[in-house]
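I opened the model today and went through it element by element. My notes follow, in the order I looked things up.

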Amino acid sequence: MASESNKLAKNKLLCLDLDGTLYNSNHRVSPANAKMVSEASKNGYEICLCSGRGPTMYVPTAKELGVEGGIYMVGYNGAVVYRLDEDGCIFHRLFETLMTKEQVMKILKFTQDLGVEMDVGDKLYAKVPEGEEHRKLLKAHTDLCGSSAEILLSLHSKTPNKISVLTNDPKEFVDMCNSIEGFCDDGIGIVVGGKFWCETINLSHDKKVGISLVLKEIGLAFEDCLYFGDGANDATSLKNCGLGIAMKSAKPEAIASANFVSEWTNDEDAVAKELEILLNEEKT
C-alpha cells in the first residue's frame, strides 16, 4: 500500500471507462495505455475505473496498470463504488445499491424471449431461452467479460446490482423500452452496452454520482477530474468532469457531452496518446 505522503500527493483524479476506451477490441489494456496510466499515477493522479463491469468480470488490477497503492472502481454503471488493493481485492466499500424486485420485474417483463444476466456482488446468474443462438450470445458475453455465469431456471427472486439483456439488436430493445411512457419513473433506465447486449443503469446513481463519492473520499472536486469514455453511460461524467475526452469511435451521446473528441480510437491507444500530451503540458 502507498505511504500516507503518497496519498496526500494526489491532487487529481483520472477516470477511465473500460470497454471501448481503456480496453482495445480484445478487451484488454494495451502496454501503451498501461504505461501512461502508470505515468499519470506517478504525476499526482488517483486512478478510478468507471465501467458497466464489476466484480463478476475481468477488470485490470493496479499491478497490471503499474499503479502503487490501489485504485478506485465505480462499477456496474455506478451501482457499486470500491477501493481496490493492488491485486484487485475490495478493501473499502464506499457504496452499493441493489435493484428492487419491482424494478427487476419491469425488465424481465420484456425479456421472456431473450437471455438475461444478473450481477449480484461478485456472483453472476443467467437465464437463457432454448435455442443455440441464445446460448451463443451468453457464451460470447461471458467470454468477452471474462466471467462465468450460474444458469438458473428463473431470476425472479434475485435483486441485482445490474441486469444485462442479451440481444442481437440492443438498440431496438432500448428504443422499445424508452418508448413506453413512464418506463424510467422508477429510477432504472437501460442503455446499449455493446454489439449484442444492453444493460440497466440507476439514473439516480450513475457513474457520475459514483465519481462524486470518490472525489469526496479524496477531497477533490469535479473540476479536478479527467474522464475518458465512449458510451452513452459515460455522458453525464464526460459533461461534469473538468475535462471529458471521448474516443473517436464514441457513441453520439458521449461525443455530445465531451469537451473534445480524440483523433484516435481505443485500438489506436487514444488514452495513452492523450495522456502523454496532457502530462507534457502540465510539466511546461
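**Helix α6**

I started with α6, where His134, Leu137, Leu138, His141, Thr142, Leu144 and Cys145 are buried. Buried here means under 20% relative accessible area, exposed is over 50%, and partly exposed is in between (1.4 Å probe, protein chains only). Helices (H or I, at least four residues) and strands (E, at least two) are DSSP runs, numbered from the N terminus.

I also checked the length: α6 covers residues 132-145, and at 1.5 Å a residue its 14 residues should span 20 Å, which agrees with end C-alpha atoms 20 Å apart. The expected span is 1.5 Å times one less than the number of residues. Gly146 follows α6 and has a positive phi, near 70°.

Bookkeeping: this is a predicted model, where local features need pLDDT of at least 70 and side-chain atom pairs count only at pLDDT 80 or more, while totals for chains, interfaces and linings use all residues. Residues are numbered from 1 along each chain as its sequence is written, and side-chain values use heavy atoms, with hydrogens and water left out.

**The six-stranded sheet**

Next I traced an open sheet with mixed pairing, ordered β8-β7-β6-β9-β11-β10. Two strands pair if DSSP finds at least two bridges between them. The edges are β8 (150-151) and β10 (188-194), each pairing on one side only. I found β7 (residues 123-127) parallel to β8 over two bridges, with Tyr125 bridged to Glu150 in β8. Helix α7 (residues 170-178) packs on this sheet, touching β9 (162-166), β10 and β11 (197-202), and its direction makes about 165° with that of β10. Axes are lines fitted to C-alpha atoms, for helices over the stretch in contact, and angles run from 0 to 180 degrees between N-to-C directions.

I then looked up Asp119, which sits in β6. Is Asp119 buried or exposed? At 0% relative accessibility, Asp119 counts as buried. Leaving out neighbours within four places in sequence, its contacts include Thr56, Tyr76, Asn161 and Lys162.

**Strand β1**

Five of the five residues of β1 (residues 12-16) are buried, so the strand is largely enclosed by the rest of the structure. Lys12, Leu14 and Leu16 point one way, Leu13 and Cys15 the other. β1 pairs in parallel with β2 (residues 45-50) over five bridges, and Leu16 has Leu49 as its partner there. Four bridges join β1 to β12 (residues 225-229), also parallel, and Leu13 stands opposite Cys225.

**Cores**

Which residues touch the most other members of the largest nonpolar core? Of its 64 residues, they are Leu14, Leu16, Leu22, Leu65, Ile211 and Phe228. A nonpolar core is a set of buried Ala, Val, Leu, Ile, Met, Phe, Trp, Tyr and Cys residues joined through side-chain atoms within 4.5 Å. Helix α11 (residues 270-283) gives this core its largest share, six residues. Apart from it I noted another core, of 17 residues, including Met99 and Val174.

Terms used: Contact means heavy atoms within 4.5 Å.
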